[in-house]
Amino acid sequence: MGYVRGAVADGATIVAGSPDPAADQGYFFAPTLITGVTEQMAVQTDEVFGPVITAIPFDTEDEVVAAANNTVYGLAAGVWSKDIGTAHRVGGRLRAGTVWLNTWHADDVTLPRGGFKQSGWGRELGSFGLDDYTELKTVIAEL
């Protein structure tokens, strides 16, 4: 609730969700969409673990990639586009351990999971996940 309240106090607008998060009852927080957000607001720069999303307009592909990569986190990202070529191009430029194209949270235990930057080190799952539990050693002998 603090992230939403802070964004509104800094000039952002709640487009969907509760205009007063304190009005929510119990442990439920309504899915919330916020616009008018700047790159400096905590709701944009921090990981908000809740049903809260921000929408920031962009004009160019380079601009949206720069904005998406302007974070200390990089666990996962999603790209939605009518053009799968555009989705692949943008997805390839994002600094995230997993990038979903025109889908969200499609996972398989055989695929490695992990993030970039402050969102994790190493990989879990898949054969790559075993690498963190092994040490390679080279032994050379002349016979």
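Select D62 first. D62 is partly exposed, at 49% relative accessible area (buried is under 20%, exposed over 50%, partly exposed in between; 1.4 Å probe, protein chains only). The model is predicted: local features need pLDDT of at least 70, side-chain atom pairs count only at pLDDT 80 or more, and totals for chains, interfaces and linings use all residues. Numbering starts from 1 along each chain as its sequence is written, and side-chain values use heavy atoms, with hydrogens and water left out.

R93 and D62 form a salt bridge, with the closest N and O atoms 2.9 Å apart (a side-chain nitrogen of Lys or Arg within 4 Å of a carboxyl oxygen of Asp or Glu). R93 sits in helix α4 and D62 in helix α3, 31 residues apart, so the pair links distant parts of the chain (helices are DSSP runs of H or I, at least four residues, numbered from the N terminus). R93 is partly exposed, at 34%.

Next, select E61 and R89. Their salt bridge has its closest N and O atoms 2.8 Å apart. E61 belongs to helix α3 (residues 61-69) and R89 to helix α4 (residues 84-93), so this pair ties together parts 28 residues apart in sequence. E61 is partly exposed at 22%; R89 is partly exposed at 44%.

Show these four together. E61, D62, R89 and R93 are linked in a network of salt bridges.

Last stop: R113 and D107. Their side chains meet in a salt bridge, 3.0 Å from N to O.

The salt-bridge count comes to four.

Key:
Helices (H or I, at least four residues) and strands (E, at least two) are DSSP runs, numbered from the N terminus.
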